[in-house]
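Dear colleague,

Here is the structure I said I would pass on. My notes on it follow below.

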Amino acid sequence: MKKTEFIINGKLYSIEDSLLLYYGSDGADMDFTKIAMYYTAKGAFFTVKTSPGEKTEVKVIDRKNALRFLNENPARIINENYIKVFDKVEKG
């Protein structure tokens, strides 16, 4: 059973109630580590990292670190959701 809700520092973070901004995998090893970034309705960012063997790591991150991560990993950003969160995006 895949867990979709996590309590961190007394706050509930739900995958189902959040906007998916990024989904990708790390192909450095034979078994892929999957990572997803979400944005909550209250303006928080959190990542869910699932390693081989279903080990799950959840971290709440601030806006600055969320943007840094997304800028370093642009290929797996869900563009329409990014625009919903960060508003206008100008063309390069």
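Of the 92 residues in the protein, 29% are buried. Please keep in mind that this is a predicted model. The protein exposes about 6,900 Å², and 49% of that area comes from carbon and sulfur atoms.

On the fold: there are six strands and two helices, and from the N terminus on they run β-β-β-β-β-β-α-α. The radius of gyration is 14 Å, close to the 12 Å that the globule rule gives for 92 residues, so the protein is as compact as a globular protein of that length. Its C-alpha trace spans about 40 × 35 × 20 Å along the principal axes. Among contacts with a separation of 6 or more, 31% join residues 24 or more positions apart.

On the interior: in soluble globular proteins, nonpolar side chains tend to be buried together. Here the largest nonpolar core has 11 residues, including L21, I35, F45, L70 and F86. At least two residues of this core come from each of β3 (19–26), β4 (33–39), α1 (63–72) and α2 (79–86). The largest share, three residues, is supplied by α2. A second, separate core has eight residues, among them I8, Y13, I15 and Y38.

F45 belongs to the largest core. Leaving aside residues up to four places away in sequence, F45 touches, among others, L21, M37, A66, V85 and F86. Its contacts also include Y38, which is part of the second core, and K59, D62 and R63.

On charge: the protein has 15 positive and 13 negative side chains, and the centres of the two sets lie 4 Å apart.

Regards

Methods. Residues are numbered from 1 along each chain as its sequence is written. This is a predicted model: local features need pLDDT of at least 70, side-chain atom pairs count only at pLDDT 80 or more; totals for chains, interfaces and linings use all residues. Side-chain values use heavy atoms; hydrogens and water are left out. A nonpolar core is a set of buried Ala, Val, Leu, Ile, Met, Phe, Trp, Tyr and Cys residues joined through side-chain atoms within 4.5 Å. Buried means under 20% relative accessible area, exposed over 50%, partly exposed in between (1.4 Å probe, protein chains only). Helices (H or I, at least four residues) and strands (E, at least two) are DSSP runs, numbered from the N terminus. Contact means heavy atoms within 4.5 Å. The radius of gyration is taken over C-alpha atoms; the globule rule is 2.2 Å times the number of residues to the power 0.38. Accessible areas come from the Shrake-Rupley method with a 1.4 Å probe; for residues, only the protein chains shown count as cover. Lys and Arg count as positive and Asp and Glu as negative; His and the chain ends are not counted. The place of a charge is taken as NZ of Lys, CZ of Arg, CG of Asp or CD of Glu.
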